[in-house]
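Look at the protein and its ligand below.

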Amino acid sequence: MENVRTENRDGILWITIDRPKVLNALNAKTVEEIAEAFAAAKRDDSVLAVIITGAGEKAFVAGADINELAKMTPVAGKFVSEQGQNVFLQIERFPKPVIAAINGFALGGGCELALACHIRIASEKAQIGLPEVTLGIIPGYGGTQRMARLVGKAKAFELICTGDRIGAADAEKIGLVNRVVPADELLSVAEELAKKIASRSPVAVRAAMEAINHGADMPFEEGQLLEATLFGLLCATEDMKEGMAAFLEKRPAKFPGR
Ligand code: CO8
């Protein structure tokens with residue numbers, strides 16, 4: 001791949017967006033490569049969690065590539081928006097946890113990429129926003145939908161309609177990021193979190209993610225039914241037997257992931 005680096009380190013897949021000269025802006029090729037990286041990770045049983053970050057000191061991703069956007073026709077605009085939405089939905093629906101390690105600017109499409117991840121850890125230097133209205137467009141990779149669902153409509157209206165970016169501490173206050181850490185600790189904190197999740201029962205983590213992800217789009221009672229069904233299924237797994245036995249025998253569990 002040209003613009004995306006991947007590295008599997010002990011079951012944690014690192015995906016690094018690597019176009020630092022343009023602050024890791026997402027051109028079409030990069031979006032395609034992100035999709036490829038996730039498709040490969042989905043097939044790879046050795047991957048237990050994913051961390052996505054940006055190359056260089058300055059940016060996570062500073063948005064869609066404005067050089068490409070500037071030339072876009074209406075038909076291409078709709079198509080490219082839908083394509084990106086599909087890729088980001090693939091991330092949101094990814095069966096293993098995806099952590100965004102936000103190391104700097106996460107703007108426009110970069111903010112939308114972070115929003116599609118399951119957990120967001122931000123460096124103190126992160127600046128997050130959806131500045132599309134300053135360019136005469138709106139977020140097109142799911143940002144209007146995910147931002148409102150994550151921080152509530154009032155905050156989403158303010159952020160999206162002003163196009164202002166906010167610092168990491170303010171992002172944490174409104175629930176836009178899970179946690180803020182010093183810049184030099186960002187990657188190790190993200191890795192520690194990914195490793196902790198990877199040490200839990202993979203089938204239980206997957207079921208929990210499915211319940212949260214799909215339940216959010218369902219009426220409450222149907223969401224509860226999904227939860228109960230997944231709970232029942234887990235009772236048939238080796239992971240469940242091992243988890244319970246390990247607790248009763250006062251030893252750490254060794255989950256087979258089945
Ligand atoms: N696209 C292309 N190039 C970019 C982008 C970008 N999004 N962001 C930065 N760059 C380039 C700059 O042009 C500059 O290039 P050069 O060195 O050749 O001049 C280089 O990166 C470094 O940037 P700056 O010199 O501007 O660095 P500063 O530290 O002065 O500023 C900022 C950093 C504040 C991040 C500034 O670069 C900036 O405002 N960038 C644009 C941010 C933005 O508006 N992002 C939103 C883009 S729109 C979008 O994301 C829509 C998503 C939905 C698309 C749906 C598909 C149709």
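## The shell around the ligand

The model is predicted: local features need pLDDT of at least 70, side-chain atom pairs need pLDDT 80 or more, and totals for chains, interfaces and linings use all residues. Residues are numbered from 1 along each chain as its sequence is written, and side-chain values use heavy atoms, without hydrogens and water.

## Backbone and ligand

Polar contacts here are pairs of N or O atoms within 3.5 Å. A backbone N or O atom of Ala-62 sits 2.9 Å from a ligand nitrogen. A polar backbone atom of Gly-109 is 2.8 Å from a ligand oxygen. For Lys-21, a polar backbone atom is 3.4 Å from a ligand oxygen.

The ligand on its own has 1,100 Å² of accessible area (Shrake-Rupley method, 1.4 Å probe), and the protein covers 66% of it.

## The whole chain

The protein chain has 11 helices (H or I, at least four residues) and 10 strands (E, at least two), taken as DSSP runs. Its C-alpha atoms fill a box of roughly 60 × 40 × 35 Å along the principal axes.

Buried residues (under 20% relative accessible area, 1.4 Å probe, protein chains only) make up 44% of the 258. The chain exposes about 13,700 Å², with 57% supplied by carbon and sulfur atoms.

Key: A polar contact is a pair of N or O atoms within 3.5 Å; within protein, one must be able to donate a hydrogen and the other to accept it, and residues adjacent in sequence count only if both atoms are side-chain atoms. Buried means under 20% relative accessible area, exposed over 50%, partly exposed in between (1.4 Å probe, protein chains only).
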